[in-house]
Amino acid sequence: SLSIPAGKTVAFVGRTGSGKSTLVHLIPRVSEPPPDSVLVDGSPVADYPLEQLRRSIGYVPQETFLFSDTLAENIAFGLDGINRTQIELAADVAGLTDDIKKFPDGLDTLVGERGLTLSGGQKQRTAIARAILREPRILILDDALSSVDTYTEEQILSKLRGVMHDRTSLIVSHRVSTVRDADLIYVLDEGRVIERGTHDQLLALRGEYADLHERQLLEEELAAT
């Protein structure tokens, strides 16, 4: 059982298979939750028309689906009345600007089916730009930065903080660096919450989160040598 305050950034970490993605799937009803178990603004998600619910949510899944169309059309997918400037701003927040400059036709570059012509990181950032452009009330990033390096991740997160301000944001990640600035962090294990708190509070507990943090620091040090 957990509560996510409106307008806050809440993160979920834990081992593979701990239930992080399953949990965030329940909010946009990618998976149907048990009756009256998941509430948004005090009402069960099943009480909202599905289109209305999903239009209020910007959801970036682990597996990004892109269409055989231009990069601009992929970012603006499902939205009407979007102008070029809005697409460029969303792409910039998602860290795509430098990549777009290198593409032969910029935003008009054709993307192969399922994003065949893009790298894993470029596909994830395109999906992030798509979610940002919707200006959602709830933003869900489900391990959405797993294919970018830590330097690029920090650049994207720095710009995303402005977008996430006063917007309810949920971040799922296996990296402590991705979640350390969240207002509240939940540590999951086998479908249960085993720790909760801020980054500093969880480090002070010297539990699962602190172990994860220590292991990742060690991995970074080894990679740098």
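**Note on the predicted model: pocket, sheet, cores and cavity**

1. The largest pocket has a volume of about 920 Å³. A pocket here is an open set of points on a 1 Å grid over the protein atoms alone, with protein on both sides within 12 Å along at least five of seven lines. Grid points are joined across faces, edges and corners, and a volume is the space filled by probe spheres set on the points. The lining of the largest pocket has 32 residues, and Ile4, Ile27, Val38, Leu39 and Val40 lie nearest its centre; lining residues have an atom within 4 Å of a point. At least two lining residues each come from α1 (20-25), β2 (39-40), α2 (50-55), β8 (168-172) and β10.

2. On the basis of the values: this is a predicted model, in which local features need pLDDT of at least 70 and side-chain atom pairs count only at pLDDT 80 or more, while totals for chains, interfaces and linings use all residues. Residues are numbered from 1 along each chain as its sequence is written, and side-chain values use heavy atoms, with hydrogens and water left out.

3. An open sheet of 6 strands runs in the order β4-β7-β8-β1-β9-β10, with mixed pairing. Its edge strands, β4 (57-60) and β10 (192-197), each pair on one side only. On average, neighbouring strands are turned by 15° against each other, direction ignored. Helices (H or I, at least four residues) and strands (E, at least two) are DSSP runs, numbered from the N terminus; two strands pair if DSSP finds at least two bridges between them.

4. Val187 has Glu195 in β10 as its bridge partner.

5. How many residues of β7 are buried? The count is 5 of 5, so the strand is largely enclosed by the rest of the structure. Buried means under 20% relative accessible area, with a 1.4 Å probe and protein chains only. Ile138, Ile140 and Asp142 point one way from β7, while Leu139 and Leu141 point the other way. Leu141 stands opposite Val60 and also opposite Ile171 in β8.

6. Helix α6 (residues 120-133) lies across β4 and β7 (138-142), at about 175° to β4. Axes are lines fitted to C-alpha atoms, for helices over the stretch in contact, and angles run from 0 to 180 degrees between N-to-C directions.

7. The largest nonpolar core has 44 residues; Leu71, Ile75, Ile128, Leu141, Leu160, Ile185 and Tyr209 have the most contacts inside it. Its largest share, 6 residues, comes from α6. Such a core is a set of buried Ala, Val, Leu, Ile, Met, Phe, Trp, Tyr and Cys residues joined through side-chain atoms within 4.5 Å. Beyond four places in sequence, Ile128 touches Val60, Ala94, Leu141, Ala144, Leu145 and Leu160; contact means heavy atoms within 4.5 Å. A second, separate core of 18 residues includes Val24, Ile138, Val172 and Leu184.

8. There is 1 cavity of 30 Å³ or more, a cavity being a set of points where a 1.4 Å probe fits but cannot get out. The largest cavity holds about 60 Å³ of space. Among the residues lining it are Leu141, Glu153, Ile171 and Arg175. Glu153 belongs to helix α7 (residues 150-164) and is buried, with a relative accessible area of 2%. Leaving aside neighbours within four places in sequence, Glu153 is in contact with Leu145, Val148, Arg175, Ser177 and Thr178.

Methods
Buried means under 20% relative accessible area, exposed over 50%, partly exposed in between (1.4 Å probe, protein chains only).
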